[in-house]
Amino acid sequence: ADGRFHLATSAELPADISIDRLRMRRSLLAQFDRDRQLLDKNPQSEAWDEQKQLAMSLLTSNKMRDALDIGREPIELRERYGMNLFGQGCLAARRLIEAGGKFVTVFWDCFGQFANGSWDTHQYHFPRMKELLLPGFNLAYPALLDDLDERGLLDETLVIWMSEHGRTPQITSKPGGGREHWSRAYSVALAGGGIARGKIVGETTPDGCE
């Protein structure tokens, strides 16, 4: 319950730089920009301007920090998401979306059994799925969708659950049984953003290989 998310140190204003000093740096940067405008405008320079503004806003605004402050949420809601890294990451994602974020990624990760919390089941597939992976996912994913829906954000937010590849349809003979990497067929779940609920698109061969 006392877990928190923090911005990387590169996104924090260094302790030895005051706001006045930051303004002086910004003024110097503006002088460079005026000189640069003598050069032809091109898409690359426009993209640089946008990134520069984003970086400056990150240093001077508390909007991102406030969005990451999941401690502002009721403990009951936090528990709905699951009191683990992935669950609280999904809650932080909802707060970032609510704050105006356009593209938010939550990576699966957790602490716990098997000395490896990643969604990787090359060995001990069934106990890993039953005891570690699915319990956390089964809390966080529906909690995120319900929370977005209750706040009127689901219709305008496309939630994509996917991985970089699928898993072999057959269980291997590795200790505890496992599933290897498989790129020929795998599932992606979409929700919100106008996606029809309960609709299945596409199919595999009967054995799930392609």
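**Ground rules.** This is a predicted model, so I kept in mind that local features need pLDDT of at least 70 and side-chain atom pairs count only at pLDDT 80 or more, while totals for chains, interfaces and linings use all residues. Numbering runs from 1 along each chain as its sequence is written, and side-chain values use heavy atoms, with hydrogens and water left out.

**Overview.** I counted up the secondary structure and got 6 helices and 4 strands. Along the sequence they read α-α-α-α-α-α-β-β-β-β. I then looked at burial, where buried means under 20% relative accessible area, exposed over 50%, and partly exposed in between (1.4 Å probe, protein chains only). Of the 210 residues, 30% count as buried. The accessible surface comes to about 14,400 Å², and 55% of that belongs to carbon and sulfur atoms; these areas come from the Shrake-Rupley method with a 1.4 Å probe, and for residues only the protein chains shown count as cover. For contacts (heavy atoms within 4.5 Å), I found that residues 24 or more positions apart account for 56% of those with a separation of 6 or more.

**Helix H5.** How many residues does H5 have, and how far does it reach? H5 has 14 residues and reaches 20 Å from its first C-alpha to its last, close to the 20 Å expected at 1.5 Å a residue. Next I checked its burial: 12 of the 14 residues of H5 are buried, so this helix is largely enclosed by the rest of the structure. Among the buried ones are Phe86, Cys90, Leu91 and Ile97. The cover over them includes H3, H4 and H6.

**Alanine 67.** This residue sits in helix H3 (residues 63-68). Its relative accessible area is 4%, so I put alanine 67 down as buried. Leaving aside neighbours within four places in sequence, alanine 67 is in contact with Ala92, Arg95, Leu96 and Ala99. I also looked up phenylalanine 5, which is 62 residues from alanine 67 in sequence and 9.8 Å away in space, C-alpha to C-alpha.

**Helix H6.** I took this helix next. H6 has 26 residues and reaches 35 Å from first C-alpha to last, close to the 38 Å expected at 1.5 Å a residue. Where is the kink in H6? A kink of about 45° lies at leucine 133, shortly before proline 135; the bend is the angle between axes fitted to the seven residues ending there and the seven starting there. After H6 comes glycine 152, with a positive phi near 70°.

Histidine 125 is in H6 (residues 125-150). Is histidine 125 buried or exposed? At 8% relative accessibility, histidine 125 counts as buried. Not counting residues up to four places away in sequence, histidine 125 touches Ile171, Gly176, Gly177, Gly178 and Arg179.

**Salt bridges.** I used this rule: a side-chain nitrogen of Lys or Arg within 4 Å of a carboxyl oxygen of Asp or Glu. The count comes to 15. One of them joins arginine 80 and glutamate 150 (3.7 Å, N to O). Arginine 80 lies in helix H4 (residues 75-81) and glutamate 150 in H6, so the pair ties together parts that are 70 residues apart in sequence. Arginine 80 is partly exposed at 35%, whereas glutamate 150 is exposed at 58%.

Aspartate 120 pairs with arginine 167, with the closest N and O atoms 2.4 Å apart. Aspartate 120 lies in the loop between H5 (85-98) and H6, and arginine 167 in strand S2 (residues 166-167), so this pair ties together parts 47 residues apart in sequence. Aspartate 120 is partly exposed at 24%, while arginine 167 is buried at 15%.

Glutamate 180 and lysine 174 also meet in a salt bridge (2.9 Å, N to O). I noted a network too: salt bridges that share partners join Glu73, Arg94, Arg95, Glu98, Asp147 and Arg151.

Note on methods. Helices (H or I, at least four residues) and strands (E, at least two) are DSSP runs, numbered from the N terminus. The expected span of a helix is 1.5 Å times one less than its number of residues.
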